[in-house]
Amino acid sequence: MSKASPRIAILGIHHEGSRFAPPLTEADTREWGRLDGEALMADANSDRPRSMGGLWGFVRAMDVTGPWMPVPITYLDCGAAGAIEHGWYVRVREHMRRALTAALPVDGVYFPQHGASITTEELDPDGELFQMARDIVGPDVPIVATLDLHANVSDRMVQATDLLVAYRTNPHTDQSARGREAAVAMRELLAGLKTEHHFIRLPLMAPQVSQLTAAGPYAEIIAYGQTKVDETVMNVSILGGFTYGDTPDQGMAFIVTTRGDGARARDVCKELAGRVWAYRERFLPKLTSLDDCVRLAVEAGRDRSRKPICIADVADNPGGGARGNTTWLLEALHASGAEGVVLGVFTDPPLAAEAHRLGMGASFDAFFNRAETEPRSRPFTAKATVVGLSDGVFAGAVDGSAAGTMVDLGPTAALQVGNVTVVVITRRQQCIDPGYLEHVGVPVATARTVVVKSRGHFRAGFLRYFQPDQVIEADVPGLTSPRLENFDFRSVPRPIYPLDQDAEWTPPN
Ligand SMILES: [Zn+2]
């Protein structure tokens, strides 16, 4: 039954939690991580929202598809980091419970979620929040969520909701489009539609580097899945999952949602999962050793007729909960003397502050990681000159994953360390587009080797300079290494491929 101006509650936690990274405290995201009530709507309606695109895409599409009454509750953005400190999560959850209960009656609920959250005690907070909302609003009020395709989907997440809409691009460039899709679906649900869905989770833990959507095995199944969408099949979501969550819900997830046709949902879902299982070995990563990375960088510097190269430090991706400050590539490239090397972004607040204090042109002994306690990051010292300074605030490139948002790296410095130009930042994040380096005066267009601390989201923005055949993925230590055998998994369901080569799966009847 459709109401003239439906009341839609908005609440959620956007968090990709790594069990291998240090826990996340309330203080870690106090500055810009939480939006309550009207502040949530003000951000969603602003020219450059800080919230993820799912949220503002949903809000703007609801605005143009008819009257509605937003009931903003709380949106907590934790980014990608360690597990949320459980006591803090419980305080946020209980606030949400009270606020949603007090807001009743509502006609719908929207979650701008990521779907791979963990706390220091709960391995499925996403499912817990969805179920909590279901218990509060009852069985007949639609609940819709957008999910990152790196979500680890639990049975509870699927059962408690009417529709889950996952991103279909990696690098993620369709967050706001999926928010809009969720809003359009919400209108159908408000008009009385009942969905039927089918969910399959494969015993396949695809390394993060093999989940790209431009080409490769994941791209093929995402594209094929979309050919199944029609008047009956409302949404096909295929989620690669987030490896470092280490939860019982790990595994590539297939969710097919139909307009009331359960058999069709099951058939399509089974076909998609079976296709991927048949070519699962294509998800194994192809990494380049540190020695080979250095050799290629030296050659690129020496021979200007060659194409420049981009080395992705995939093991140190802050977008996956790593620290963004390991020194394996920095130290080796510095020692090699390779010419024209640019490296960034390197998270080191004390070093960035020191460079700002010393000023442009100053030369000093740069001590990287003086305050870091994570052993995989390692300290490094070298003579450095300050060649660029900025406040770290700039607009994300229109062709990259930060499009439409304001980037804030905090005080930022470019340091010349031998032949390597290093961009040092204050607020930990991955290097998403060339602006992260260029905004502080570091040329990317003329560099011979560019090292990015990112697993894959740089690929959209850096496509201007680097085609896929110029990008190599380095095999160095780090909290987001694709070498899954190096991690001490505790909660992942076993057997699971490729950790267990003999893992088996047969389609359910
Ligand atoms: Zn993601």
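Student: At roughly what angle do the axes of helix H2 and helix H6 cross, and within what distance do they come?

Tutor: Let's start there, keeping in mind that this is a predicted model. Helix H2 covers residues 53–64 and helix H6 covers residues 175–190. Their axes cross at roughly 45° and come within 6 Å. An angle under 35 degrees would count as roughly parallel, and 65 to 115 as roughly perpendicular. H2 and H6 are therefore oblique to each other. The crossing is right-handed.

Student: Which residues of H2 and H6 make the contact?

Tutor: On the H2 side you'll find Gly53, Gly54, Trp56, Gly57, Phe58, Ala61 and Met62. H6 brings Gln175, Ser176, Gly179, Arg180, Ala182, Ala183, Met186 and Arg187. Sorted by class, the residues of this contact are seven nonpolar, six polar and two charged.

Student: Why do residues three or four places apart in a helix point the same way?

Tutor: An α-helix has 3.6 residues a turn, so residues with that spacing end up pointing the same way. Keep that in mind while we look at another pair. H3 (residues 86–103) uses Tyr89, Arg93, Met96, Arg97, Leu100 and Thr101 to meet H4. On H4 (residues 125–137), the partners are Pro125, Glu128, Leu129, Met132, Ala133, Ile136 and Val137. By class, that contact has nine nonpolar, one polar and three charged residues.

Student: And how are H3 and H4 oriented to each other, roughly parallel or roughly antiparallel?

Tutor: Check the angle against the cut-off: under 35 degrees counts as roughly parallel. H3 and H4 pack at about 20°, with their axes 10 Å apart, so the two helices are roughly parallel. H3 passes H4 in a right-handed crossing.

Student: What about H7 and H8, at roughly what angle do they cross?

Tutor: Their axes cross at roughly 160° and come within 11 Å. Angles over 145 count as roughly antiparallel, and H7 and H8 therefore belong to that group. H7 passes H8 in a right-handed crossing. Ile221, Tyr224 and Gly225 of H7 touch Glu271, Leu272, Arg275 and Val276 of H8. That contact has four nonpolar, one polar and two charged residues.

Student: Which residues of H7 are buried?

Tutor: "Buried" means under 20% relative accessible area. In H7 (residues 217–226), the buried ones are Pro217, Tyr218, Ala219, Ile221, Ile222 and Gly225. Their cover includes strand E8 (233–239), strand E9 (253–258) and helix H8 (262–278).

Student: Where does Tyr110 lie, and is Tyr110 buried or exposed?

Tutor: Tyr110 sits in strand E4, residues 108–112. With a relative accessible area of 0%, Tyr110 is buried. Now compare sequence with space: Tyr110 and Gly12 are 98 residues apart in sequence, yet their C-alpha atoms are 8.1 Å apart.

Student: How many helices and strands does the protein chain have?

Tutor: The protein chain has 13 helices and 20 strands. Its radius of gyration is 23 Å, close to the 23 Å that the globule rule gives for 509 residues, so the chain is as compact as a globular protein of that length. The C-alpha trace spans about 70 × 50 × 40 Å along its principal axes.

Student: What share of the residues is buried, and what share of the contacts comes from residues 24 or more positions apart?

Tutor: Buried residues make up 61% of the 509 in the protein chain. As for contacts with a separation of 6 or more, residues 24 or more positions apart account for 75% of them.

Terms used: Residues are numbered from 1 along each chain as its sequence is written. This is a predicted model: local features need pLDDT of at least 70, side-chain atom pairs count only at pLDDT 80 or more; totals for chains, interfaces and linings use all residues. Side-chain values use heavy atoms; hydrogens and water are left out. Axes are lines fitted to C-alpha atoms, for helices over the stretch in contact, and angles run from 0 to 180 degrees between N-to-C directions. Helices (H or I, at least four residues) and strands (E, at least two) are DSSP runs, numbered from the N terminus. A crossing is left-handed if the near helix is turned anticlockwise from the far one by less than a right angle, and right-handed if clockwise. Contact means heavy atoms within 4.5 Å. Ala, Val, Leu, Ile, Met, Phe, Trp, Tyr, Cys and Pro count as nonpolar, Asp, Glu, Lys and Arg as charged, and the others, Gly among them, as polar. The radius of gyration is taken over C-alpha atoms; the globule rule is 2.2 Å times the number of residues to the power 0.38. Buried means under 20% relative accessible area, exposed over 50%, partly exposed in between (1.4 Å probe, protein chains only).
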